[in-house]
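Subject: Structure handover

Dear colleague,

Here is the structure I promised to pass on. My notes on it follow below.

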Amino acid sequence: MIEMEAIFGWDCYVGIDGDIFGIDRFGESGSGDDVIKYFGFTVDNVVDRYLSMVE
């Protein structure tokens, strides 16, 4: 599950073999591109996390 906001509650849908990738804190600011990169929501990172689950 990839969510650019709170991850609370998703664990019951993802299960023990899934991966939850989100933001669990509040208060960061900056340009959208900088914040996305800071939290790791880049295409390369998201693809790497996905591939690590299916391999």
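Is Arg49 buried, partly exposed or exposed? Arg49 counts as partly exposed, at 26% relative accessibility. On this scale buried means under 20% relative accessible area and exposed over 50%, with partly exposed in between (1.4 Å probe, protein chains only).

Some notes on reading the numbers. This is a predicted model, in which local features need pLDDT of at least 70 and side-chain atom pairs count only at pLDDT 80 or more, while totals for chains, interfaces and linings use all residues. Residues are numbered from 1 along each chain as its sequence is written, and side-chain values use heavy atoms, with hydrogens and water left out.

Overall layout

The protein has 3 helices and 0 strands, and its elements run α-α-α from the N terminus on. Helices (H or I, at least four residues) and strands (E, at least two) are DSSP runs, numbered from the N terminus. The C-alpha trace spans about 35 × 25 × 10 Å along its principal axes. Of the 55 residues, 11% count as buried. The accessible surface comes to about 4600 Å², and 55% of that belongs to carbon and sulfur atoms; such areas come from the Shrake-Rupley method with a 1.4 Å probe, and for residues only the protein chains shown count as cover. Taking contacts (heavy atoms within 4.5 Å) between residues at least 6 apart in sequence, 27% join residues at least 24 apart.

Salt bridges

There are 2 salt bridges in the structure, a salt bridge being a side-chain nitrogen of Lys or Arg within 4 Å of a carboxyl oxygen of Asp or Glu. One of them joins Asp19 and Arg49, with 2.8 Å between the closest N and O atoms. Asp19 sits in the loop between helix 1 (11–14) and helix 2 (32–39) and Arg49 in helix 3, so this pair ties together parts that are 30 residues apart in sequence. The side chains of Asp19 and Arg49 are also listed as a polar contact of 2.8 Å. A polar contact is a pair of N or O atoms within 3.5 Å; within protein, one must be able to donate a hydrogen and the other to accept it, and residues adjacent in sequence count only if both atoms are side-chain atoms. Leaving out residues up to four places away in sequence, Asp19 touches Met1, Val14, Arg49 and Met53.

Glu28 and Arg25 also form a salt bridge, the closest N and O atoms being 3.2 Å apart. Glu28 is partly exposed at 40% relative accessibility, and Arg25 is partly exposed with a relative accessible area of 44%.

Helix 3 and its surface

Helix 3 covers residues 43–54 and includes Val54. Val54 belongs to a nonpolar surface patch of about 560 Å², together with Val43, Val47, Tyr50, Leu51 and Met53. Patches are made of residues with over 30% relative accessible area and no salt bridge: like charges are joined within 9 Å, nonpolar side chains (Val, Leu, Ile, Met, Phe, Trp, Tyr) within 5 Å.

Ser52 is also found in helix 3. The side chain of Ser52 reaches the backbone oxygen of Arg49 at 2.7 Å. Ser52 and Ile2 are 50 residues apart in sequence, and their C-alpha atoms are 14 Å apart in space. Asp48, in helix 3 as well, is partly exposed at 48% relative accessibility.

Tyr38 is exposed, at 56% relative accessible area, whereas Phe39 is buried, at 15%.

Thr42 lies in the loop between helix 2 and helix 3 and is partly exposed, with a relative accessible area of 27%. Beyond its neighbours within four places in sequence, Thr42 is in contact with Ile36 and Lys37.

Asp11 lies in helix 1 and is exposed, with a relative accessible area of 53%. Asp11 and Met1 are 10 residues apart along the chain, and their C-alpha atoms are separated by 9.1 Å.

Regards
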